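Welcome! Please take a look at the sequence and the 3D structure below, and keep them in view while you read this briefing.

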Amino acid sequence: MIDPANADEINAANRLNEEIVNDALARGGTCTGEHGVGVGKLKYQAQEHGSALGVMQSIKRALDPENRMNPNKMVYTNTEDNI
């Protein structure tokens, strides 16, 4: 538990999350959970999936050209949006 009004606690929690994600990816795991990617994990998708992320984006654009279904929640629909 953290105090959402305490910037130091938020920063510490974010650093811990980053360490956990990087450790999971380094061990061949995933940064996602049982409910999918989530907005907070989008920045790790290129690291986890490499060039396959481009394929995922292409499929998303083909199936949802107007980007109405969960826009930018699972994969960024524009490659320039990737972090």
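A residue is called buried when its relative accessible area is under 20%, exposed when it is over 50%, and partly exposed in between (1.4 Å probe, protein chains only). What you see is a predicted model, in which local features need pLDDT of at least 70 and side-chain atom pairs count only at pLDDT 80 or more, while totals for chains, interfaces and linings use all residues. Residues are numbered from 1 along each chain as its sequence is written, and side-chain values use heavy atoms, with hydrogens and water left out.

**The whole chain**

- The protein chain has three helices and zero strands; helices (H or I, at least four residues) and strands (E, at least two) are DSSP runs, numbered from the N terminus.
- Read from the N terminus on, the elements of the protein chain run α-α-α.
- The protein chain has 83 residues, and 18% of them count as buried.
- Among contacts in the protein chain between residues at least 6 apart in sequence, 29% join residues at least 24 apart; a contact means heavy atoms within 4.5 Å.

- Leaving aside residues up to four places away in sequence, Asp-3 touches Glu-9 and Ile-10.
- The side chain of Asp-3 also reaches the backbone nitrogen of Ala-5 at 2.9 Å. This is a polar contact, that is, a pair of N or O atoms within 3.5 Å; within protein, one must be able to donate a hydrogen and the other to accept it, and residues adjacent in sequence count only if both atoms are side-chain atoms.
- At the start of α1, a side-chain oxygen of Asn-6 comes to within 2.9 Å of the backbone nitrogen of Asp-8.
- Ala-26 has its place in helix α1 and counts as exposed because its relative accessibility is 67%.
- Ala-26 and Gln-47 are 21 residues apart in sequence, and their C-alpha atoms are 9.8 Å apart in space.
- Gly-28 follows α1 and has a positive phi, near 85 degrees.

- The 12 residues of α3 should span 16 Å at 1.5 Å a residue; the end C-alpha atoms are 17 Å apart, which agrees.
- Which residues of α3 are buried? They are Leu-53, Gln-57 and Lys-60.
- These residues cover an arc of only 60 degrees around the axis, so they are on the same side of α3; the arc is that of the directions from the helix axis to the C-beta atoms.
- The buried residues of α3 pack against α2 (45-49).
- On the other side of α3, Val-55, Ala-62 and Leu-63 are exposed.

- Most residues other than glycine have a negative phi.
- Asn-67, in the segment after α3 (52-63), has a positive phi near 55 degrees, though it is a residue other than glycine.
- Asn-70 lies in the segment after α3 and has a positive phi of about 45 degrees, although it is not a glycine.
- Asn-70 counts as exposed because its relative accessibility is 54%.

**Salt bridges**

- Side chains of opposite charge can pair when their charged atoms come close.
- How many salt bridges are there? The count comes to four, where a salt bridge is a side-chain nitrogen of Lys or Arg within 4 Å of a carboxyl oxygen of Asp or Glu.
- One of them joins the side chains of Asp-23 and Arg-27 (3.0 Å, N to O). Asp-23 counts as partly exposed because its relative accessibility is 37%, whereas Arg-27 is exposed, with a relative accessible area of 67%.
- Asp-64 and Lys-60 also meet in a salt bridge through their side chains (2.5 Å, N to O), and both residues are buried.
- Glu-66 forms a salt bridge with Arg-68, with the closest N and O atoms 2.5 Å apart; both Glu-66 and Arg-68 are exposed.

Definitions and conventions:
Expected span 1.5 Å × (residues − 1).
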